[in-house]
Amino acid sequence: MSTIPKGPRPKHLTIGRIGLYCFIIMCALFFLMPLYVMIITSLKDMDEIRAANILNLPKELSFYAWPKAWSQACTGFVCEGLKPGFVNSVKITVPSVIVSVALSALNGYALAFWRFRGAYFFFGLCMFGAFIPYQVMVYPLLKIEDFLGIYSSLPGIILVHTIFGMPILTLIFRNFYASLPIDLFKAARIDGGNFIKIFFYVIIPMSTPITIVAVILQVTGIWNDFLLGLVFAGRDNQPMTVQLNNIVQVDYGVAEYNVDMSATILTSLVPLFVYFISGRWFVRGIAAGAIKG
Amino acid sequence: MKNSVEVKNISFSYGKTEILNDLSLDIKEGEFMVLLGPSGCGKTTLLNCIAGLLDLTDGQIWIEDDNVTWKEPKDRYIGMVFQSYALYPSMTVEKNLSFGLRMMGTAKDLINEKIKKAANLLQINELLKRKPSQLSGGQRQRVAIGRALVRDAKVFLFDEPLSNLDAKLRAELRYEIKKLHRDLSNTMIYVTHDQIEAMTLADRISVMKDGLIQQLDTPKQIYNKPANLFVAGFIGSPSMNFLNAKFEKSNQNIIVGNKQIDISKYENINNVINDQEVVFGIRPENINIEKNENSIHCKVELVEPMGADTLVWTSVEGNPISIRLEGSSNFNLNDEINISFDINKSSIFDSKSEERI
């Protein structure tokens, strides 16, 4: 018996839908599995870990690995845990993010609105710069910084992160600004704004979504960086990732897996936190025409 | 009367594409000048050049006896209203209005006074604390006009300001702009592709095509005595009817296929040469339905009632002809009619040069 179509279309749970849900759930499990293992391992004591059964829940909760990872684990000869690395990472990330985002916004604005001679060439150069693997430039950059006398220092590593962040960020800002109506900029020019005034009073107030995208990209990128931190930061300024590596790669004694796991989780907390609080903005920023093109 | 804006032999090109070439235009003080033309004719480019938003390739622009060719837009005593409104989305209406004055460092009291005056004039008092996103299209355009007003601009530039609005609002704001011009009597330059706006607002219209001014005259002259075939066809809706014909000097007739039309009453009949190929143009309202010795017999092919008037379509020797009649007139399909042309209101063009004879 067939019913006469009327009102909203009835919703059916089709085979396709069920298949889709199954697939999504399996994907989620696949990616959550390592996290699960990390968390439960960090909560076991060493005896239980040695007994294998990697997927079993801990019989007895033991929290001792966490404070140890934070403040006592040995990185080489020093046994202060990850705490100094965390402080260093903050000292590196905050100025690098602020400087690179601010400069890129200004660059993107100039490229989008003040079409100077060779602007397209410069745009192409940025595009090129954004896709060169940075390992290629490590050695020349090292020589340059050595020459400038800032190699192996906090300003040195901040400069490196700023330089490597700028091509892609400039592109992102430029594309975002190019999607804004040009009339707005014309109106501002007639209203008496100059290069800097228009940027501060008209353009920046409209840049919130794209700035958030840029900040997320930079914070996660710089926080997760290992190579540049290892090469350019110097012994006193090693970021959290480098110190994590030192904890995990022990040359002597016993490998404490529970401490390793909690140290790893601690290191990844900052990017995770950034994603969680700003996910909504990230999607909105990308939807605003940011990363496209 | 002295000139407010003088455009002297300007050229402009984008790369190798020439948009304007050696164009000159004088706009009198207090005049409402409309730049009218199809898209791509260079009218907006010309306006942007006057505003200083584009750099000329050649020529000069003078505003109020001041050579502003190399001056920044802000130093040209202009206010501009854009099609897309271009209100600053992050600022309230009040901040939008005051932005230009704040940039110039005007005293706060004076700013408030000017905003109050402009808001009263445009009836946007209640909107001052709102953001542009909370306004309707018509309100946004009022604010955009207000932004030009508070700057005490000597010349107002309008870049298709009503094109984004619906028909009713467009008519309303058109009226407002006309009233504004009556009250302020500033020089205004207004770009549009809408001939109704051009006809109703302008003191003079300059009809443009391919970067050239085709005709510069009062709306009446342009409508009644179009300078060439392009202007004749562009102005007027429904547009002018055209018949390709040949002139016979001996009896002062033009010949369209098998039909003959006596044009001895045409104003410049003496300029028409024997055997000249011409285009005969006649507006729909200058055709009468009446039988006389000069009338043409034809059939009603389509009737379009438009309320105030009715448009009757027929054809002469295969050329479609529209006739504008009173709204009350009653014709049906296939009715047999006799039409006659008001020759002294017609336009005759040379078919080669397309210029009016």
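Which residue in E13(B) does B:Leu243 stand opposite? The residue opposite B:Leu243 in E13(B) is B:Phe280, and the points below place this pair among the sheets, contacts and domains of a predicted model. In this predicted model, local features need pLDDT of at least 70 and side-chain atom pairs count only at pLDDT 80 or more, whereas totals for chains, interfaces and linings use all residues. Residues are numbered from 1 along each chain as its sequence is written, while chains are lettered from A and ligands numbered from 1 in the order in which they are written.

**The five-stranded sheet of chain B**

- An open sheet of chain B is built from five strands in the order E12-E11-E10-E13-E20, with antiparallel pairing; two strands pair if DSSP finds at least two bridges between them, and strands (E, at least two residues) and helices (H or I, at least four residues) are DSSP runs numbered from the N terminus.
- At the edges of this sheet lie strand E12 (259-262) and strand E20 (347-350) of chain B, each of which pairs on one side only.
- On average, neighbouring strands of this sheet are turned by 40° against each other, direction ignored; the axes are lines fitted to C-alpha atoms, for helices over the stretch in contact, and angles run from 0 to 180 degrees between N-to-C directions.
- Strand E10 (residues 241-248) and strand E13 (residues 277-282) of chain B run antiparallel and are joined by six bridges.

**The three-stranded sheet of chain B**

- Three strands of chain B form an open sheet in the order E14-E19-E15, and the pairing is antiparallel.
- Strand E14 (287-289) and strand E15 (296-299) of chain B are the edge strands, each pairing on one side only.
- The neighbouring strands of this sheet are turned by 40° against each other on average, direction ignored.
- E14(B) is joined by three bridges to strand E19 (residues 336-341) of chain B, the two running antiparallel, and B:Ile289 has B:Ile339 as its bridge partner in E19(B).

**A residue in strand E17**

- B:Leu311 is found in strand E17 (residues 309-316) of chain B.
- B:Leu311 counts as partly exposed because it has 15 C-beta neighbours inside 10 Å; a residue is buried if 20 or more other C-beta atoms lie within 10 Å of its own, exposed if 12 or fewer, and partly exposed in between, with C-beta atoms placed from the backbone.
- Not counting residues up to four places away in sequence, B:Leu311 touches B:Pro238, B:Pro284, B:Glu304, B:Met306, B:Ser322 and B:Arg324, where contact requires C-beta atoms, placed from the backbone, to lie within 7 Å.

**Where chains A and B meet**

- The contact between the chains takes 14 residues from chain A and 16 residues from chain B.
- On the side of chain B that touches chain A, strand E5 (78-81) and helix H2 (93-104) of chain B each supply at least two residues, and H2(B) gives the most, with four residues.
- The residues on that side of chain B divide into 12 nonpolar, three polar and one charged; Ala, Val, Leu, Ile, Met, Phe, Trp, Tyr, Cys and Pro count as nonpolar, Asp, Glu, Lys and Arg as charged, and the others, Gly among them, as polar.

**The domains of chain A**

- The domain assignment of chain A gives domain 1 (15-62) and domain 2 (83-287), with bounds that come from an automatic or database domain assignment.
- The centres of domain 1 and domain 2 of chain A, taken over C-alpha atoms, are separated by 33 Å.
- Seven residues of domain 1 of chain A are in contact with seven residues of domain 2 of chain A.

Notes
Contact = placed C-beta atoms within 7 Å.
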